[in-house]
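Here are my notes on this model, as numbered points. Have the structure open while you go through them.

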Amino acid sequence: MSQPETTPHEVEGRWKWPNWGRGPYDALSSVMLGAPFEGHLELSTDVDGEPWVFEVRYSKSGIAPRLSDGIDAERLYEWDIVGRGRGQKKASYNISPRFAGMRHYETGDPLRLPWENQVGEVDGVDVEYHLSNIEPDRGLKLLPEFFVAIFEHAGERINSNYFREEPHEASVMWAYERYVRMLREWARKLSSSGVLHKVMLYLAEEEGVKAELKIDNEEEINHQNRLVLNPESASRLLPGHTYGRKLEVYLLADPNAVSKDHPSYHPKVEVLVNKKMNGGESWAWADRHEVTRQIEETIMNALHWEDIPLSPDGSGVYVPDDHFDAVSRDDPVELYEDPTPRLEAKADHLLLTTLRDMGETAWDVTETVATDGGATVDGLAEQLGKHPATIYRAISDLGEIFDLEDGQLSFRVRKYQEELRALVESAEYAIESYADRIQHVMGLADHVAESSPFQKWLAENGAELEFDQEGNPKRLRIDTILSMLKGNSYESARRVAQEAIDAWRHSGNDVLHFSDVQMVWRQPGGGHDSRRVGKLATW
C-alpha cells in the first residue's frame, strides 16, 4: 500500500563544533566588522541549483570577552545568518563563540552553559538553528554554503571544511514537526468524533498516561484540533515509540482567507515533537532519523485507523502545496493494528463487571448520573430518599467508573455515560441485555485477536470489519482498488473475497454468517462497489 511522503515544517536545535576552535566565528567577525560591511550584509547564492537570499547581521551576546580577544567591548557579538528560499523556506543560524571559563559580561559570574560539561574545556563554535520547510540534513548542508558565499563576496579566503564535518555528538534537536495536507472533507474524519476523540477516550482507562485534547471548531471544523500525548501515551498506541508528541489538524487563522482553489484552504495534519512534551529534555541530533520515523508513523497510522486512503495517487485526498508534493514515498512506514477497539473492549469489560456486581442503590445512583450527566452526594440522597452514608457506600462500590471530588459525582470516562444513557433510554432497559450484548461483542473480538489469521489478513489488506449492535459481522471495508474484470492490473475482488473467507474460517469462525457480509471496495474508475462476500467469492 503506497503512502504519501510527509514534509518538514519546523526544525530547531543546536549544533556544536570544537573541531576548529573559534576559527569560524573569529573569521566571520574579522570580515563583517568594520568597512565595508559594518556588521550587515545581504547576499544571494545558488545551492545545488536552488536560489537563496540571505542576510548577515550581529546581535550582542551575554558573554564577556577574554583579555586575549584584544577587543574594546564589554561583550562579544553573535552572528545571525538568515536565509530565505522559494516559497516559505527559511534557514536561520545563530553563530556564537564557546570557550572555557565563560563569564557574564555584566556580573562577571560564570556562565552555566553546557559546553564545558559536554564538549570539554576547549574553544569552539555553537550554532543554534531554526529551519522552516527544510529537511534537517538539508539545513545542515546550507550553512557551509552560505558561509563560503560570504567570504567569496568579501574576496577573502576561508577554510572550506568549516561546518562540513558532522557536528559534535552533544548536538541536539528540541523541536521537529512534519505534515501532510488534505482536503477539508477528509480531514473532518480526524476531528473530535474521529481518531483524536477515540484515542483520548480510550487512554482514559490506561494507568500512567497523560493526554490532552483541545478542540476548536468555532469558525470551521478543524480550525485547530490537537491531541497532546506524553511518552507513555504514545507507547501505548504505537509499539516502540518513546517520544511525547502533538497530533494536530489545523487551518489558517482565518480559515476562509483564501479561495477554495488555494492549497492553504485545506488543513495540515501535523505531528510535533518538542522538549516540552518530553520532560523538558531535547534529544541528540544523531537521533533525528528515529524521531522522523516516529512522527511519520503517527501521521500514517492516525489516517489508517480512521479509514482515510493513504495512497496519494488518484485518491483525491491529499493537496499539494509549495512544500508538500502529495507523492508516494519510496519506503512506507509500519502500519499497526488500531489499538482503540482493544482499549474499548477493556473499558466495556470493566463496565460489565461493575454493573453485574452492584446493588439496588448503586444502580439507582448510576441511572441518575447517566441521565443527568452528574450529581452531588447530597442531591442524590435527597432524590433517592437515602442517607448520605448509603450513597457514599454505593459510590465506593462503583469506584472503578466514577470520580468523586468535593461531593460532586461524575463518570471517569465519557464512554460509560454514553453507553449507560443509551441503555437507560432504550426500550430494552435491563442490565442483563446490556451485559449479554457486551459479552457477545467481546466474544467475537476474541475470534479476531491479534494472532488470528483473519486479523493478519485485515492488516495486510488495509481492511476493516464492522459489526452490528448484536455483535454480528456486518460490513467488510477494503481500502484498496479492486476489479471485477479479468486481465487488468488491479487485484481481483473475487480473489480477495475468497481469501477473506479462508482467513475467517482458519480463525475458527462460522463461515455461514460471514458469507452474508457486504464487502465494499474502491473501483478503478473512482467510487465504490459492493457485493456479499459469499456471492462474490463464487462469482
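1. Helix α9 covers residues 360-372 and helix α10 residues 377-384; they pack at an angle of about 115 degrees, with their axes 11 Å apart. The axes are lines fitted to C-alpha atoms over the stretch in contact, and angles run from 0 to 180 degrees between N-to-C directions. α9 and α10 are therefore roughly perpendicular to each other (65 to 115 degrees; under 35 is roughly parallel, over 145 roughly antiparallel, the rest oblique). Helices (H or I, at least four residues) and strands (E, at least two) are DSSP runs, numbered from the N terminus.

2. A word on the ground rules: this is a predicted model, where local features need pLDDT of at least 70 and side-chain atom pairs count only at pLDDT 80 or more, while totals for chains, interfaces and linings use all residues. Residues are numbered from 1 along each chain as its sequence is written, and side-chain values use heavy atoms, with hydrogens and water left out.

3. Most residues other than glycine have a negative phi, and most peptide bonds are trans. Ala35 and Pro36 are joined by a cis peptide bond, with omega about 0 degrees; Pro36 sits in the loop between α1 (23-32) and β2 (40-47).

4. Asn133 is not a glycine, yet has a positive phi of about 60 degrees. You'll find Asn133 in the loop between β6 (124-132) and α3 (136-154). Its relative accessibility is 8%, so Asn133 counts as buried (under 20% relative accessible area with a 1.4 Å probe, protein chains only; over 50% is exposed, in between partly exposed).

5. Asp307 also deserves a look: phi is near 65 degrees, a positive value in a residue other than glycine. Asp307 lies in the loop between α7 and α8 (340-357), and at 14% relative accessibility Asp307 counts as buried.

6. How enclosed is α5 by the rest of the structure? Seven of the nine residues of α5 are buried, so α5 is largely enclosed. The buried residues are Val195, Leu196, His197, Val199, Leu201, Tyr202 and Leu203.
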